[in-house]
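Here is a short briefing for a reader who is new to this structure. Look over the sequence and the model before reading on.

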Amino acid sequence: MASWCLSHCCNAGVKTSLLEAHSEMGSTEILEKEASGSLSNSTSSNTEAAKRLAKRLYQLDRFKRSDVAKHLGKNNEFSKLVAEEYLKFFDFTGMTLDQSLRYFFKAFSLVGETQERERILVHFSNRYFYCNPDTIASQDGVHCLTCAMMLLNTDLHGHNIGKKMTCQEFIANLQGVDEGGDFSKDLLKALYNSIKNEKLEWAVDDEEKKKSLSEGADEKANGTHPKSISRIGSTTNPFLDIPHDPNAAVYKSGFLARKIHADMDGKKTPRGKRGWKTFYAVLKGTVLYLQKDEYKPEKALSEEDLKNAVSVHHALASQATDYEKKPNVLKLKTADWRVLLFQAQSPEEMQGWINKINCVAAVFSAPPFPAAIGSQKKFSRPLLPATTTKLSQEEQLKSHESKLRQITTELAEHRSYPPDKKVKAKEVDEYKLKDHYLEFEKTRYEMYVRLLKEGGLELLSGGRGGPAGLKKSHSSPSLNPDTSPVTAKVKRNVSERKDHRPETPSIKQKVT
């Protein structure tokens, strides 16, 4: 079964999210610079400037489709005015929510940072409610369903998702979120079937289309595969795309043997696919690249290398003490609960990799979204965004400490109410599943807090377990000017499905 985080989305229409509080304005186009000069004049001049910019964005007058989102999603008053004026060009009256979203997405490319794209969806939801005030109870309800469709779209049409969400699960996960009540089942069934039958997609620039088709044709002629394999994410979910930076710092590299123990959501890997393979590993930014050949700055990664790449955001590395067949083995558990074993060449190398991976995860992982909405008895993981945190190192430490306190309290409360012996086996499994999750999260945040207290960035910049001479990176994996061979994007390894069976459910299984 599948579930997702909706509470963050449902509150977005009326509250400023944690992500918004730490967002940055970024660069703007010439028109917006001109308009900003009038901000001190009057509300009327602000509105007129916003109208002019919105009209040009809608007509794509000297703007590309990929330019639109950056003007609509910023966290400042002028951007909000522009977005409101832009949405006035769309009349959703009498249209269903899914029809309106598809119509909206035909006009521009939904690109940019997670929080920027989310704000655009809030503006869309407000406009839809204005055009159809009697269809759904509130603007928040519209936004909640919009987020639900976006995440369902990834679940049904994304890569490597596994079992697809059913209509019944979709309905169950939206219980009680429409002003405390339930959405119409007929409405939810219609939305589910719409997304199932036709994937949500947004417009791309004509030159990007031509470039993509040209690259695909050239590679087909050369006997190679299209470059689509190297794209990050499924392009259907604005919350979980992994940011790839070709200029990211290289924190550690060296030979590692890899064994896959569990696939996405902790599902045990079939025996025939568990064999050991040796790679040249490069921890670059928040991605662990596993290459066939040794690292060379001038050499681009192959398609196979990209397939093997693993994101380490919200991951935890530890010594595989329960694996006795080989020495110097570490265990890496990823954000989507894959479990990989890596054998290093010495105990020191093993500990070095553990330190560096955990340090990258602690320093750069963005704060998680709230837990999913659904049945109280039904446990589901919160979303762990793959974007790089916007927090300073001090704020990051406070965030981790807050999560650690929350998880510790929740674990204690959870264990104070064990299931009655008379309850169904399914409820006992849910209890054990949540207990396992909370225990793991407590361990993970304890590690993150300890590493940040020990220096975090300083440890990455030249501490134990990595190549010497790395320059200090102050706020993101991309600020280190290390030369990089990686010019293509890597496939995302994050699951949008949040309910799962871990690799060690109630009684810890011995790693084999």
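A residue is called buried if its relative accessible area is under 20%, exposed if it is over 50%, and partly exposed in between, with a 1.4 Å probe and protein chains only. At 4% relative accessibility, His400 therefore counts as buried. This is a predicted model, in which local features need pLDDT of at least 70 and side-chain atom pairs count only at pLDDT 80 or more, while totals for chains, interfaces and linings use all residues. Residues are numbered from 1 along each chain as its sequence is written, and side-chain values use heavy atoms, with hydrogens and water left out. Helices (H or I, at least four residues) and strands (E, at least two) are DSSP runs, numbered from the N terminus.

**Helix packing**

- Two packed helices are described by the angle between their axes and the distance between the axes.
- Axes here are lines fitted to C-alpha atoms, for helices over the stretch in contact, and angles run from 0 to 180 degrees between N-to-C directions.
- Helix α15 spans residues 393-416 and helix α16 spans residues 425-453; they pack at about 150 degrees, with axes 9 Å apart.
- This makes α15 roughly antiparallel to α16; the cut-offs are under 35 degrees for roughly parallel, over 145 for roughly antiparallel, 65 to 115 for roughly perpendicular, and oblique for the rest.
- α15 and α16 cross in a left-handed way; a crossing is left-handed if the near helix is turned anticlockwise from the far one by less than a right angle, and right-handed if clockwise.
- The contact of α15 with α16 has ten nonpolar, five polar and eleven charged residues.
- In these classes, Ala, Val, Leu, Ile, Met, Phe, Trp, Tyr, Cys and Pro count as nonpolar, Asp, Glu, Lys and Arg as charged, and the others, Gly among them, as polar.
- His400 belongs to helix α15. His400 and Tyr445 are 45 residues apart in sequence, yet 6.2 Å apart in space, C-alpha to C-alpha.
- Helices α8 (residues 114-131) and α9 (residues 139-157) have axes that come within 8 Å and cross at roughly 130 degrees.
- α8 and α9 are therefore oblique to each other, and their crossing is right-handed.

**Aromatic rings**

- Rings of Phe, Tyr and Trp (its six-membered ring) pair if their centres lie within 6.5 Å; planes under 30 degrees apart count as stacked, over 60 as edge-to-face and the rest as tilted.
- By this rule there are 24 aromatic pairs.
- One of them joins Phe255 and Tyr280 edge-to-face, at 4.9 Å centre to centre and 80 degrees between the planes.
- Phe255 is in strand β1 (residues 250-262) and Tyr280 in strand β2 (residues 277-284), so this pair ties together parts that are 25 residues apart in sequence.
- Phe255 is partly exposed at 36% relative accessible area, whereas Tyr280 is buried at 9%.
- Ring pairs also link a cluster, whose members include Tyr58, Phe89, Tyr103, Phe124 and Trp202.

**A lysine over two rings**

- A charge sits over a ring if NZ of Lys or CZ of Arg is within 6 Å of the ring centre and within 35 degrees of the ring normal.
- Lys333 has its charged end over the ring of Trp337, 3.5 Å from the centre.
- The charged end of Lys333 also sits over the ring of Phe440, 4.3 Å from the centre.
- Ala317 lies in strand β5 and is buried, at 2% relative accessibility.

**Loops and positive phi**

- Most residues other than glycine have a negative phi, and most peptide bonds are trans.
- Arg62 has a positive phi, near 65 degrees. Arg62 is in the loop between α4 (43-59) and α5 (65-72), and is exposed at 72% relative accessible area.
- His314 also has a positive phi, near 55 degrees. His314 is in the loop between β4 (310-311) and β5 (316-319), and is buried at 2%.

- Met264 is in the loop between β1 and β2 and is buried, at 17% relative accessible area.
- Met264 and Val339 are 75 residues apart in sequence and 8.2 Å apart in space, C-alpha to C-alpha.
- Gly456 is in the loop between α16 and α17 (457-462), and is buried at 0%.
- Gly456 and Lys356 are 100 residues apart in sequence and 9.7 Å apart in space, C-alpha to C-alpha.
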